[in-house]
Amino acid sequence: MKEIVTMTPDITPIVAGNWKMNGSGNSQSMVRELVEGFDTELRQKVDMAIFPPAILLERVSNWLGDATIASGAQDCHANASGAHTGDTAAEMIVDAGGSMVLVGHSERRVDHNESNKIVATKAEAAWRAGLVAFVCIGELEAERRSGNTLDVLAEQLAGSVPDGANAANTVVAYEPVWAIGTGLVPEASDVEEAHAFIRKQLVERFGNGGATMRILYGGSVKPGNAGELMAIKNVDGALVGGASLKSEDFLGICEAYRNMT
Ligand code: PEP
């Protein structure tokens, strides 16, 4: 049988900051510090994106100006408009200056009962509007303990990543739910196994599109562990929650790429 290609030679990594429901009060100074700190050398090694709350997105996008830092939202509705109180359409994210959107973050899967099918529909809505969909997947602690991690990832990938995904319209973020916001991080060998598995699934389904799609690791990434995590094969960047709320820490995570070849 032909060996599956798992190399990711043409991928520019991306460090993405999920502000969650934070950012009021200090968002302008955070953006200014990120723009100032993301220097030319770093920009050549890694992409940066920030995902503020939807209500701040337009302002954040304006503050970013022509800095090469992307912005996006943390969720979108599947429909382009309609009677959906409190929701945001993908098209509105574009209007607010965003180019990306997270779909299926574990907090939404839990807080809003989002199924794989709903997540897939949101990813398609993102594409319809021209956004890059960051599809989040990851196992619960109990699922890891019972040895089901890879089965869960296979099911979430199959159900949440729609046909039509490619390296330009989709990023997969692997976030073990038990590592999010807890300070716990899987062993490097476990991260490597999960990312190799995701890569294999993506290549089998999407061919070259899957071979070059970015796969991010998320879950308690900090400046102190980013070097080790970002050096793992098939880890093409990070989705960062808590540490994205301090520009110094977020830039510190990007620094992991400065001396990487
Ligand atoms: C996240 O919410 O996507 C996340 C990874 O959070 P944290 O970095 O705080 O674990």
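Predicted model: local features only at pLDDT ≥ 70, side-chain atom pairs only at ≥ 80, totals over all residues.

**Notebook: helices first, then the ligand**

I began with a pair of helices and saw that helix 1 passes helix 3 in a right-handed crossing. Helix 3 covers residues 54-64, and its axis is 10 Å from that of helix 1, at an angle of about 35 degrees.

Next I asked myself which residues make the contact between helix 1 and helix 3. From helix 1 I wrote down Ser27, Gln28, Val31 and Val35. From helix 3 I wrote down Leu56, Val60, Trp63 and Leu64. I sorted them by class and got six nonpolar, two polar and no charged residues.

**Another pair of helices**

I then turned to helix 8 (residues 149-160) and helix 9 (residues 188-206), whose axes come within 10 Å and cross at roughly 35 degrees. The crossing of helix 8 with helix 9 is right-handed.

I listed who meets whom here. Helix 8 brings Leu150, Leu153, Ala154, Leu157 and Ala158. Helix 9 answers with Glu193, Ala194, Phe197, Ile198, Gln201, Leu202 and Arg205. My tally by class for this contact is nine nonpolar, one polar and two charged residues.

**Around the ligand**

How many residues surround the ligand? I noted 14, and the closest are Lys20, Glu175, Gly181, Ser220 and Gly241. By class, the shell around the ligand has four nonpolar, eight polar and two charged residues.

I looked up some distances to oxygen atoms of the ligand. For Lys20, a side-chain N or O atom is 2.5 Å from a ligand oxygen. For Glu175, the side chain again supplies the N or O atom, and the distance to a ligand oxygen is 2.6 Å. With Gly181 a backbone N or O atom is involved, 2.7 Å from an oxygen of the ligand.

**Two loop residues**

I went back to Lys20 and Ser220, both on my list of the closest residues. Where does Lys20 lie? I found Lys20 in the loop between strand 1 (14-18) and helix 1 (27-37). Its phi is near 55 degrees, a positive value in a residue other than glycine.

Ser220 sits in a loop too, between strand 7 (214-218) and helix 11 (223-230). Ser220 isn't a glycine either, yet I noted a positive phi of about 60 degrees for this residue.

Conventions: Residues numbered from 1 in each chain as written. Heavy atoms only, no water. Near = heavy atom within 4 Å. Polar contact = N/O pair within 3.5 Å; in protein donor to acceptor, adjacent residues only side chain to side chain. Nonpolar A, V, L, I, M, F, W, Y, C, P; charged D, E, K, R; others polar. Axes fitted to C-alpha atoms, helices over the stretch in contact; angles between N-to-C directions. Helix = DSSP H or I, 4+ residues; strand = E, 2+ residues; numbered from the N terminus. Left-handed = near helix turned anticlockwise from the far one by under 90°. Contact = heavy atoms within 4.5 Å.
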